[in-house]
Amino acid sequence: MDFESSSDSAQSTELDHLSLSLIAMLTSADPDVARIIADEAARQSQTLELIASENHVSAAVMHTMGSWLTNKYAEGYPGKRYYGGCQYHDQIENLAIDRAKKLFSCQFANVQPHCGANANIAAFMALMNPGDTVLSLPIKSGGHLSHGLKPNFSGTFYKVVDYGLDPVTERLDYDEIEKIAIASNPKVIICGYSAYSRAIDFARFRAIADKVGAYLMADIAHIAGLCATGVHSSPFPHAHVVTTTTHKTLRGPRGGMILCNDAEIAVKLDRKVFPGSQGGPLMHVIASKAVAFGEALEPSFALYCERVVRNARELAAQLTNRGYRLCTGGTDNHLMLVDLRPRDSELTGADAEKWLETAGIICNKNGIPNDPRPPMVTSGLRLGTPAITTRGLREVHMPQLAQWLDTVMGSKGDASVCRTVRGEIRTFCRQFPLPH
Ligand SMILES: *Cc1c(COP(=O)(O)O)cnc(C)c1O
């Protein structure tokens with residue numbers, strides 16, 4: 001798919017001033033990279049992003065990552081570094097930590113994990129010994145690969161026991177989870193998912209953990225923004241350890257974070273991040289995390305999170321009206337899992353993803369619970385509203401969006417239909433510039 005390409009289109013896509021000067025500077029320093037970055041900016045600007053784990057960061061968050069802090073080694077923690085010259089790095093990391101604690105109303109924060117999976121590695125190492133049992137939802141039911149998938153760190157070094165979803169409601173069945181916990185006696189129980197559209201009852205999970213003497217670990221990678229603003233209930237005071245990414249609904253730079261309220265666990269977590277599983281922290285990213293947390297503490301971010309959920313609810317209703325089935329019947333959060341089969345039994349997630357991309361709508365195929373098709377094909381799509389809500393789309397735009405989705409899928413990816421929709425979306429996108 002080609003976009004209005006390169007630096008011309010970067011001009012026309014209303015990028016902020018710093019992005020344009022970056023592209024101008026790179027055009028002389030490294031025209032190959034400059035062209036690709038400008039094309040990517042144009043792609044983001046001219047398409048609608050429905051990948052539930054993605055978002056568009058502010059210019060402030062973005063450009064903070066391109067700062068002088070990238071030049072520095074700061075192994076260790078504020079006040080206890082293994083390198084000289086860390087005065088301002090201590091200030092930045094402390095600021096990020098303080099804002100994280102305020103945002104999630106908790107006592108301890110480690111802002112160094114390079115990503116969500118790394119946060120989970122450190123949390124596993126802090127809470128368990130190799131060979132101990134972890135109880136989690138497998139990836140095929142909406143869990144994350146870092147919760148126990150065989151080839152992952154988690155599945156390699158720990159004994160993994162699965163819980164599932166209720167086969168009828170497709171929701172968490174807490175009584176069943178409790179039974180499995182009693183039978184398997186896990187050291188850690190994980191809640192928090194990548195493709196689950198319903199609210200999580202953290203208090204109920206904690207009651208189960210307490211019953212079997214396990215730690216409760218809440219991985220709020222997807223819903224962190226919603227938890228921080230009360231749009232989803234908080235994992236505190238229920239979870240012993242909370243891990244998250246900073247780049248999904250939280251709308252910060254790509255990265256991870258670990259939170260807790262227990263001083264003893266906090267010491268272990270710090271040790272397992274550094275030196276346990278990472279070397280030097282990405283201080284330019286930590287600075288950007290501080291900026292994002294500052295934004296998330298503003299009242300406007302709570303309004304944003306409310307709108308994300310309202311948009312998801314409306315999009316789900318509009319798709320239901322057009323003959324699609326929503327897993328669990330709908331959504332409480334920012335995402336939905338769409339079962340394509342009731343609309344067209346031949347339709348696969350893989351085809352839909354490909355056709356929609358051609359038409360300017362970006363999303364991902366996703367297995368639905370008990371999907372008869374293999375993971376590279378699937379019968380479902382995962383759709384999320386964080387990125388389009390950042391661009392300014394509201395509930396009133398959801399019928400149009402659902403119509404585009406249905407037109408493309410209904411046409412079975414007909415080239416001329418996709419071309420027409422893509423033109424309409426490109427025009428539509430001009431009303432909703434990327435953050436700048
Ligand atoms: C996205 C996600 C992660 C991992 O994040 P990365 O930054 O990609 O490592 C961890 N847990 C859950 C539940 C996620 O959805």
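Biologist: In this model, how many residues does α6 have, and what reach from its first C-alpha to its last is expected at 1.5 Å a residue?

Modeller: The model is a predicted one, and within it α6 has 12 residues. The expected span is 1.5 Å times one less than the number of residues. The reach in the model, from the first C-alpha to the last, is 16 Å, close to the expected value, which is also 16 Å.

Biologist: Which helix gives the largest share of the shell around the ligand?

Modeller: The shell around the ligand holds 13 residues, and Gly 116, Ala 117, Ser 194, Asp 219 and Lys 248 are those that come nearest. By class, this shell is made up of 4 nonpolar, 7 polar and 2 charged residues. The largest share, 3 residues, comes from the helix spanning residues 116-127, namely α6.

Biologist: Where is Thr 246 found, and which residue has its backbone oxygen 2.8 Å from a polar atom of the Thr 246 side chain?

Modeller: Thr 246 is found in the loop between β9 (241-245) and β10 (256-260), and with a relative accessible area of 0% it counts as buried, because the limit for that class is under 20%. Leaving aside neighbours within four places in sequence, its contacts include Arg 251, Gly 252, Met 257, Lys 289 and Phe 293. The backbone oxygen that lies 2.8 Å from a polar atom of the Thr 246 side chain belongs to Pro 253.

Biologist: Why is Arg 251 counted as buried?

Modeller: Arg 251 is placed in the loop between β9 and β10, and its phi is positive, near 60 degrees, although the residue is not a glycine. It counts as buried because the class takes in values under 20%, and the relative accessibility of Arg 251 is 17%.

Biologist: Ser 105 also has a positive phi; is this residue buried or exposed?

Modeller: Ser 105 is found in the loop between α5 (87-104) and β4 (108-110). Its phi is near 50 degrees, a positive value in a residue other than glycine. Its relative accessibility is 62%, so Ser 105 counts as exposed.

Biologist: Which residue is joined to Pro 237 by a cis peptide bond?

Modeller: Pro 237 is found in the loop between α10 (224-228) and β9, and Arg 206 of helix α9 (residues 202-212) is in contact with Pro 237 as well as with residues including Leu 216 and His 238. The cis bond has an omega of about 10 degrees, and the residue it joins to Pro 237 is Phe 236.

Biologist: What is omega for the cis peptide bond from Phe 274 to Pro 275?

Modeller: Pro 275 lies in the loop between α11 (263-273) and α12 (283-296). For the cis bond from Phe 274 to Pro 275, omega is near 5 degrees.

Biologist: Which residue's side chain is joined to that of Asp 339 by a polar contact of 3.0 Å?

Modeller: Asp 339 has its place in strand β12 (residues 335-339), and its relative accessible area of 2% makes it buried. Not counting residues up to four places away in sequence, Asp 339 touches Tyr 324, Arg 325, Ile 368 and Ser 379. The side-chain partner in the polar contact of 3.0 Å is Arg 341.

Terms used:
Residues are numbered from 1 along each chain as its sequence is written. This is a predicted model: local features need pLDDT of at least 70, side-chain atom pairs count only at pLDDT 80 or more; totals for chains, interfaces and linings use all residues. Side-chain values use heavy atoms; hydrogens and water are left out. Helices (H or I, at least four residues) and strands (E, at least two) are DSSP runs, numbered from the N terminus. Contact means heavy atoms within 4.5 Å. A residue is near a molecule or strand if one of its heavy atoms lies within 4 Å of it. Ala, Val, Leu, Ile, Met, Phe, Trp, Tyr, Cys and Pro count as nonpolar, Asp, Glu, Lys and Arg as charged, and the others, Gly among them, as polar. Buried means under 20% relative accessible area, exposed over 50%, partly exposed in between (1.4 Å probe, protein chains only). A polar contact is a pair of N or O atoms within 3.5 Å; within protein, one must be able to donate a hydrogen and the other to accept it, and residues adjacent in sequence count only if both atoms are side-chain atoms.
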